[in-house]
Amino acid sequence: MNVPRRILHIDMDAFFASVEQAANPGLRGKPLIVGGRPDRKRTVVCAASYEAKRLGIDSGMSAQEAFRICPQAVFVAADSAKYLYVSGRISDMLRYYSPQLEQASIDEFYLDVTGCDARFGSYLELGMHIKNAINAQFHITGSVGISINRLMSKIASKLKKPDGMLILDEPDIPIVLADLPVGKIPGIGSRLTRRLHELSVFSFADLRKFPRDLLAEKFGKIGMWMYGVAHPQCVDEEEIQRYDQPESPPKSVGHSYTVPHNLYSRQEVEAWLRLLSEMVAARLRRYGREARIVHVYLRKPDMESVGQEKNFSVPTNDSTELFQRAL
């Protein structure tokens, strides 16, 4: 008998700010701004604690605007090494629950937990065990979603942020997500949202009602992907992967990350490069692919990009080997 597939998605809550509050308990409960640069007057908000978010402060906002909203907010400069360390430790912990782990970003993880409920009693208990273990060890919180595929588990975790959990079983999807705005579906950006609105598609329920052939006619491959999102029980998992991976197998696999402040230390650069190598290697293995060409690019403070690539004779999907080649 086939065991129904279950994917767990965990998204850490206000990760950078939460790590800072865990490192300095005196910051807990206070509106906290993590800035991209040490100068609080000439930086942008890299991250904000939930105490700050509730006041209207969020990432991408200028620090000056943030302090106008909340003059008593506490400011700290981002510390990438600290966040990378905690992220790596969380990754190590999650492998205890399932070897099938994918780190989607520094604060976001997917676990294939199919059948793991037997070990913990239920998927609810499994999710709570993971949340409690992270909180006990790192003094930060994460939101968990468990569902039939990656995208639905991600939607489930987003619906319960912060510090929540939602199990989204297949029969519940049309009911629970009925009123979800289409723009809140991961992979449907502002441009696609506008086009859907022009067709009177405003919610997940509207998308489910839209005919498959018409979606294909209006949007092509993206339309078929959206049909798979709205009818996950009718489509294979590979067809409802993220919008940035609409074709399989991919011609290339990559990850990038905009660091919260300028890097001057080779050690810091190598730390970020290691994380990106791990993420790229994990995706290569998921696709059953190996790569020969490694391309590395850096963006300088003036926003100019420089890059270099090399074609190696032996392909690989090993993270350590990719990291060495990138170095």
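**Figure 1. Residue classes in the lining of the second largest pocket.** In this predicted model, the lining of the second largest pocket divides into 13 nonpolar, three polar and eight charged residues. The pocket is lined by 24 residues. Its volume is about 420 Å³.

Figure 2. Phe16, Ser105, Ile106, Asp107 and Tyr257 are the lining residues that lie nearest the centre of the pocket. Six elements are listed here as giving two or more residues to the lining: helices α1 (15-23), α2 (50-53), α7 (150-159) and α13 (266-287), with strands β3 (45-48) and β5 (101-105).

**Figure 3. Ser147 and its surroundings.** Ser147 belongs to strand β7, which covers residues 142-147. Its relative accessible area is 0%, so Ser147 counts as buried. Leaving aside residues up to four places away in sequence, Ser147 touches Arg5, Arg6, Ile7, Met152, Ser153, Leu168 and Ile173.

**Figure 4. Ser147 and Met61.** These two residues are 86 residues apart along the chain. Their C-alpha atoms are separated by 33 Å.

**Figure 5. The fold around these sites.** The protein has 14 helices and 10 strands. Its C-alpha trace spans about 55 × 55 × 45 Å along the principal axes. Of the 327 residues, 47% count as buried. Among contacts with a separation of 6 or more, 56% come from residues 24 or more positions apart.

Methods: Residues numbered from 1 in each chain as written. Predicted model: local features only at pLDDT ≥ 70, side-chain atom pairs only at ≥ 80, totals over all residues. Heavy atoms only, no water. Helix = DSSP H or I, 4+ residues; strand = E, 2+ residues; numbered from the N terminus. Buried < 20%, exposed > 50% of the residue type's maximum accessible area, 1.4 Å probe, protein only. Contact = heavy atoms within 4.5 Å. 1 Å grid on protein atoms, 1.4 Å probe; cavity = no way out; pocket = protein on both sides within 12 Å on 5 of 7 lines; lining within 4 Å. Points joined across faces, edges and corners; volume = space filled by probe spheres on them. Nonpolar A, V, L, I, M, F, W, Y, C, P; charged D, E, K, R; others polar.
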